[in-house]
Amino acid sequence: MAEILDKVYDPKRIEAKWYTFWEEAGLFNARADGARPPYCIVIPPPNITGSLHMGHALNNTLQDILIRVKRMQGFDALWMPGTDHAGIATQNVVERMLAAEKLDRHKVGREAFIRRVWQWKEESGGVIIKQLKRLGCSCDWSRERFTMDEGLSRAVREVFVRLYEEGLIYKGDYIINWCPRCQTALADLEVEHEPRDGQLYFIRYRLADREGHLTVATTRPETLLGDTAVAVNPKDSRYLAFHGATLRLPVLGRKIPVITDPHVSLEFGTGALKITPAHDFHDFEIARQHNLPAVKAINEAGIMTEAAGQYQGLDRFACRKKILQDLKQDGLLEKVEPYHLVLGHCYRCKTVVEPLISKQWFVAVKPLAEKAIKAVEEGRTRLIPESWEKSYFDWMLNIRDWCISRQIWWGHRIPAWTCQGCGEVLVSREDLIACPRCGSSQLIQETDVLDTWFSSALWPFSTLGWPEETPELKIFYPTTVLVTAFDILFFWVARMMMMGLHFMKDVPFHEVYIHALVRDPEGQKMSKSKGNVIDPLDLMDQYGTDAFRFSLAAFAAMGRDIRLSEERIAGYRNFANKVWNACRFTLMNLEGFDPAAPPDDLPLTTVEAWIMSRLQQVIKDNAAALDSYDFDQAANNLYQFIWHEFCDWYLELIKPQLHDTQNPETRRHCQRVLVEVLSHILRLLHPFMPFITEEIWQKLPGAAGSVMLAPYPAADDRLLHPAAEEEMRLVMETITAIRNLRGEMNVPPASQVDVSCYCAAPRPLEMLGRHRQSVQLLAKVRELGFNPDSGPPAAAAKAVVDQVEIYMPLKGIIDFGEEDRRLAREMEKIAKELTQAQRKLSNEDFIAKAKPEVVQKEKERLQSWSEKLNKLKVHRERIKEFWG
């Protein structure tokens, strides 16, 4: 007899057990022997500072579904895991620890500080990996990488040196985004732009050599201390008399010229633009074209410099208040208007970013971007959904050189040295002891580290062993697909494209599947400040990991953000329970079944032909959905088939055969088909719900090894049976129609009813006749007649299925008078609820003050009561018709 499942499904009992089994048995590991077709996904490496959030949960669930399917299909499937060193974020964590000890990184020194970071990484940096394992991620942990491990560090240095030798990395003065809090440069993508209500200040710049003034408009009056010109558009007729004039800088009195430039907008402000090259990107470019000097009025700490005159030493925002007072006192502040602006913040600490001119290291990316654009245009890498291609091209075509230096200590230190003897800047693959040019040992290494995204950009090939020619690199590069969120399309995906094409001469992945964001039930982005963050670990604890994973997949409609609903997760927990109970029923009814016995010669019954045919179609639909990354369709196909066809119909239809001990051969045949269908279901469901399927698989007679390595189902077109599907559809719809009539007429559940079916065509009744027993059993029908000579009965409820008219006599089954009175009472009760809801919604005060969701809920209640009342009215009219 088959081993029986526990009566109640307990996720906590089985999840840790099976994950440990899979990992210890090495079932996640790729072979990299070239014996099977390769399939490779590289994980978007989570930060070592991170813990599992909803974005991680969705992203890694989808990856795990793909990798498990391909592993079962016989591919050498490698899911490459790893973590990112997360330069600024990790340094901030350790700096806060030092602050608690009344220390800072400068007091402990660079080497000691880096040792502290490594110590923290070893003690606390593995939390996210443990959480990914909890989620069921079947990564090849034997190959786990870290962006600062020895191999990846070598790859980073090799890439830097090669790009430098090719003239694609350079150091130069350039205006960059600077975070005064983190004390480092930020790439454009690391600046978060937020809309704010601000003010536009109109300031008069007096002419130096005659009466008159020009008025400029600015949102940052403190930066005027760094102005080196005022620009007007040469076509602006308002300022023709000012061309070539000289102005006196407000407050400081420094002379600055009026220049003309076609890039000046005629619409913004007054049309006269103050030029502050050291503190504005647009002004920096204009200044370069006109050979204007750059005056640094704000330093790296956000403090006003010596160039700011009497404002030196003030914080930039304190300076704003003081200079506005002085401008007003001097009669130079003409007016102030409200203005809606967009303010840049550091993506880590949220400090307002300050544009500064600084010596930084850059990658000249345009030559790299051209190849990455061409690869997508030619279809060598596909972005899915395709709609993301426009954003990709727009960004790539307008790309600026990438600032890759960061003024922090944790990260890949830039391999550049300056010789104090000859002044030569040296870049080397190995640490230098002496200058190869002059022999001096007086070398000072660059103190900056590389942008975290620099090492991440090499991830698809550095993790596979590059620059060594490893078997993994040869077999798995290019990788198959990258699964990622759209918010790192430019941070990471575009840069991987550029680096992969440049160093590997091929794309890093053939496809990029870009999934949507997980939002709260109201569609709001989750954030700690809003208090609407949902912890995936809590949901896994409450509902089980399988139900949580299945929910994410079922929600993951392409191109549409997910509104996470806990109610639906609870619904998928019920689905897991349904699967468990169906399998428990199956195992309890396999007494005498021998999976090793030779198959019998009995043909499939119509019910068996139907379920096998439907199974083949589900297999085909599932494969098509996963191939096109329609995870929601794949999940919902399985849900519909398992719950509504296998559980609700097939198991109910075969119960008589399973319980028929008088015909052992028929019973064994029924068992064999049941086990075969269940085996396919478990294998189809496994990538979505790995734990419950493994637990059941281990108890299924004839199943060998782990379900993880069992062959993934492939459709057999020979088992497609349209005729059986047509016949069973008629049978199921007839049973459903009779059940609906019973419910509508309030027939007591235990009562048996008589049913007569009428049809002019003989075929539908012949089909129903072959399933008479099933109709009688499942619809609780005592007598089932087909075209009886007596004709349609009086006082009978009627339904129509295709060409078949179904009559259910009600006389003697229900008390028409009592039913009419019951309906009257129910209608009166609902009418009161309806009136109350209508009164609320007609109250203008309620509409104005109540939250939108409360108003919407009331509208839904009103609609629900209206629909229910209408149904009861129809039902009462039918009862009166029968009673009369």
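In this predicted model, A795 sits in the loop that runs between β27 (781–786) and β28 (796–801), and although A795 is not a glycine, its phi is positive, at about 50°.

**Overall form and surface**

- The radius of gyration of the protein chain is 36 Å, whereas a compact globule of 884 residues would have a value near 29 Å.
- Among contacts in the protein chain with a separation of 6 or more, 78% are made by residues 24 or more positions apart.
- The accessible surface of the protein chain amounts to about 39900 Å², and carbon and sulfur atoms contribute 50% of that area.
- The protein chain carries 111 positive and 120 negative side chains, and the centres of these two sets are 4 Å apart.

**A four-stranded sheet**

- Four strands form an open sheet in the order β6-β5-β14-β16, and their pairing is antiparallel.
- The edges of this sheet are β6 (184–186) and β16 (402–403), and because each has a single partner strand, one side of each is left without a neighbour in the sheet.
- In general, the strands of a sheet pair through backbone hydrogen bonds, in either a parallel or an antiparallel sense.
- Strand β14, which covers residues 354–363, pairs with β16 over two bridges in the antiparallel sense, and V363 stands opposite W402 of β16.

**Two residues in helices**

- T90 belongs to helix α3, which covers residues 87–100, and T90 is buried because its relative accessible area is 0%, under the 20% cut-off.
- Leaving out residues up to four places away in sequence, T90 is in contact with I48, T49, H85, V117, W120 and W410.
- R772 lies in helix α25, which covers residues 772–779, and with a relative accessibility of 32% R772 counts as partly exposed, since this value falls between the 20% and 50% limits.
- When neighbours within four places in sequence are set aside, R772 is in contact with L784 and F786.
- R772 and E783 are 11 residues apart along the chain, and their C-alpha atoms are separated by 9.7 Å.

**Backbone geometry**

- Most residues other than glycine have a negative phi, and most peptide bonds are trans, so the cases that follow are set out one by one.
- A32, which is not a glycine, has a positive phi of about 55°, and A32 is placed in the loop between α1 (11–24) and β1 (38–42).
- With a relative accessible area of 12%, A32 is buried, whereas A795, at 24% relative accessibility, counts as partly exposed.
- The peptide bond that joins W466 and P467 is cis, with omega at about 15°, and P467 is found in the loop between α13 (459–462) and α14 (471–476).
- A cis peptide bond also runs from Y477 to P478, with omega near 0°, and P478 lies in the loop between α14 and β22 (479–485).

Methods. Residues are numbered from 1 along each chain as its sequence is written. This is a predicted model: local features need pLDDT of at least 70, side-chain atom pairs count only at pLDDT 80 or more; totals for chains, interfaces and linings use all residues. Side-chain values use heavy atoms; hydrogens and water are left out. The radius of gyration is taken over C-alpha atoms; the globule rule is 2.2 Å times the number of residues to the power 0.38. Contact means heavy atoms within 4.5 Å. Accessible areas come from the Shrake-Rupley method with a 1.4 Å probe; for residues, only the protein chains shown count as cover. Lys and Arg count as positive and Asp and Glu as negative; His and the chain ends are not counted. The place of a charge is taken as NZ of Lys, CZ of Arg, CG of Asp or CD of Glu. Two strands pair if DSSP finds at least two bridges between them. Buried means under 20% relative accessible area, exposed over 50%, partly exposed in between (1.4 Å probe, protein chains only).
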